[in-house]
Amino acid sequence: MKTTPLYEKHLELKGKIIDFGGWNLPVEYSGIILEHEAVRSKAGLFDVSHMGEITVKGEDAEKYLQMIVTNDISVLADNQIAYTTMCYEDGGVVDDLLVYKYSSTDYLLVVNASNTEKDYEWLNNNALGNIKIKNVSLDYAQLALQGPEAQAILQKLVNENLDEIEFYHFKSDVNVGGISALLSRTGYTGEDGFELYFASSEGPKMWDMLLEAGKENGIVPVGLGARDTLRFEAALPLYGHEIDKDVTPLEAGLGFCVKLSKNNFIGRNTLSEQKASGLKRKLVGFEMLGRGIPRNRYEVHSDGKKIGYVTTGSYSPTLKKNIGLALVDAEYAKEKTPIEIVIRNKNVKAEVIKKPFYTKKYKK
Amino acid sequence: MKLLKELKYVESHEWVKVEGSKAYIGITDYAQDHLGEVVYAELPEVGATVEKGDQFVVLESVKAASDVYAPLSGTIVEVNEELADSPEKINESPYDAWFAVIEMSNPDETQSLLTSEDYEKICE
């Protein structure tokens, strides 16, 4: 089992440790609902050091990445970030990732922990031109500081004005209480916040500093449980749930990061065809009308037949309702369509509703 | 971990309170702590018969669904309707938050239940 540089801290804080794709990580400390509410109302600190970091450098870096990812990264300014998917030829998703642009010859990719090795192999197998690809995951610790108080807390530790870091932008080599870090205005909770990347050896020190700085702001450490409910309420996709090798980004509602107008990229032909002929499946939000909690891969029925499956479902701590995301046949994707979720062999009534379930509070 | 001496226990973390031919069933403090915040309890129907070891209740925490097993055989004669609207009581007060009352069909089965001391050792 792999551990992050914060493992001892999680034990000290009595985090409930689980096996998360081969990583020992805390699912919760004080309770998922409590942690969830703290992020929505104040601030939460997440250890996301298990995420993968891969650098792509060289004179053909931009050309290469344009071919690998579905979004158009040629429009990025230096120090800007793009969320994107990376697809197979058949349109299925290899991974979703963030592309950090230092310059057109120097990029940092942040990928899902469980996909890091697969992605690294995919990137190498499709390499072209003069580029160098390096998996630097172990060099970095990564923390996410999220919530309405995030900026106020981080500002206590840095001299530079954090207002200058705009949404989906970053600043590198920032002195955070004596530790050099990259700060980006990103996160996966639907709240304003920052992600911090720095030398893994500084993990425990940075963690303690942020918790101490945020004490009076009501900061709490947050585990994987609330990370999932937070991203789910904001309808942010999770690999292995909303997207995977058998689901295209268009089906998952991620058309905004598929730029068919740019030059050729892997998966473009299939995705173009899919768009032209109309989507057969769509990702929808739904609310349970009957009792029960929908879970990943539960069947969705209508008119007595299977029309899809649940990708994520949960009790929503913010809405205090049982809701879910499901990939269903397109004809059932309209709001208010009655559907049924099969929970332990019983068909329980539900209804298609608008997503996201929670309006994102990003600072634009 | 809180334990009540007067109750009986099962290795699978249920508690049992025997009153004559009836038995009240719930989950232990240890179990509720491991489950996390319970947000839904699916209870059995009154009149249903259960065999010892049957899955007869499902508890849903934010993260997952967990099965609860019947510690004794018999007929469900009462369920705790209060839990339908207030599943958090299972976390707040696990020894008051009983799920169901079983009218035992084989009272000898109570012989196999654990004392609080025995159960405590299992949890260590």
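**Exercise 1. A buried glycine**

Which residues is A:G190 in contact with, leaving aside its neighbours within four places in sequence?

*Solution.* First, the ground rules. This is a predicted model, where local features need pLDDT of at least 70, side-chain atom pairs count only at pLDDT 80 or more, and totals for chains, interfaces and linings use all residues. Residues are numbered from 1 along each chain as its sequence is written, chains are lettered from A and ligands numbered from 1 in the order in which they are written, and side-chain values use heavy atoms, with hydrogens and water left out.

Step 1: A:G190 sits in the loop between β11 (179-184) and β12 (193-199) of chain A. Helices (H or I, at least four residues) and strands (E, at least two) are DSSP runs, numbered from the N terminus.

Step 2: apply the cut-off. Contact means heavy atoms within 4.5 Å.

Step 3: read off the partners. They are A:R40, A:A234, A:L236, A:Y358, A:K360, A:K361 and A:Y362.

Step 4: A:G190 has a relative accessible area of 0% and is buried. Buried means under 20% relative accessible area, exposed over 50%, partly exposed in between (1.4 Å probe, protein chains only).

**Exercise 2. A covered helix**

Find how many residues of helix α2 (residues 32-41) of chain A are buried, and name them.

*Solution.* Step 1: count. Seven of the 10 residues are buried, and the helix is mostly covered. Step 2: name them. They are A:I32, A:I33, A:E35, A:H36, A:A38, A:V39 and A:R40. A:R40 is also one of the contacts of A:G190.

**Exercise 3. A strand with two partners**

Step 1: one partner. Seven bridges pair β14(A) with strand β17 (residues 321-329) of chain A, in the antiparallel sense. Two strands pair if DSSP finds at least two bridges between them. Here A:K282 stands opposite A:V328.

Step 2: another partner. Strand β19 (residues 346-353) of chain A pairs with β14(A) over four bridges, again antiparallel. A:F286 faces A:V352 in β19(A).

Step 3: side chains. A:E287 forms a salt bridge with A:K321, the closest N and O atoms being 3.7 Å apart. A salt bridge is a side-chain nitrogen of Lys or Arg within 4 Å of a carboxyl oxygen of Asp or Glu. A:E287 lies in β14 and A:K321 in β17 of chain A, so the pair ties together parts that are 34 residues apart in sequence. A:E287 is buried at 18% relative accessibility, whereas A:K321 is partly exposed at 39%.

**Exercise 4. A network of charges**

Trace the salt-bridge network that includes A:D228 and B:K63.

*Solution.* Step 1: list the members. A:D228, A:R231, A:E242 and B:K63 are linked.

Step 1: start in chain A. A:E242 and A:R231 form a salt bridge, with the closest N and O atoms 3.0 Å apart. A:E242 lies in the loop between α7 (224-233) and α8 (268-277) and A:R231 in helix α7 of chain A, so parts 11 residues apart in sequence are tied together. A:E242 is buried at 1%, and A:R231 is buried at 2%.

Step 2: cross to chain B. The side chains of A:D228 and B:K63 meet in a salt bridge (3.7 Å, N to O).

**Exercise 5. Where the chains meet**

Sum up the interface of chain B and chain A.

*Solution.* Step 1: residues. Chain B gives 16 residues and chain A gives 18.

Step 1: area. The two chains bury about 1,400 Å² between them, 49% of it on carbon and sulfur atoms. Buried area is the accessible area (1.4 Å probe) that two parts lose on being put together, summed over both. In chain B, B:E37, B:V62 and B:K63 lose the most area to chain A, together 41% of what that side buries.

Step 2: charges. Five salt bridges cross the interface.

Step 3: elements. In chain B, α1 (29-35), β4 (38-42), β6 (55-61) and α2 (82-85) each supply at least two residues of the side that touches chain A.
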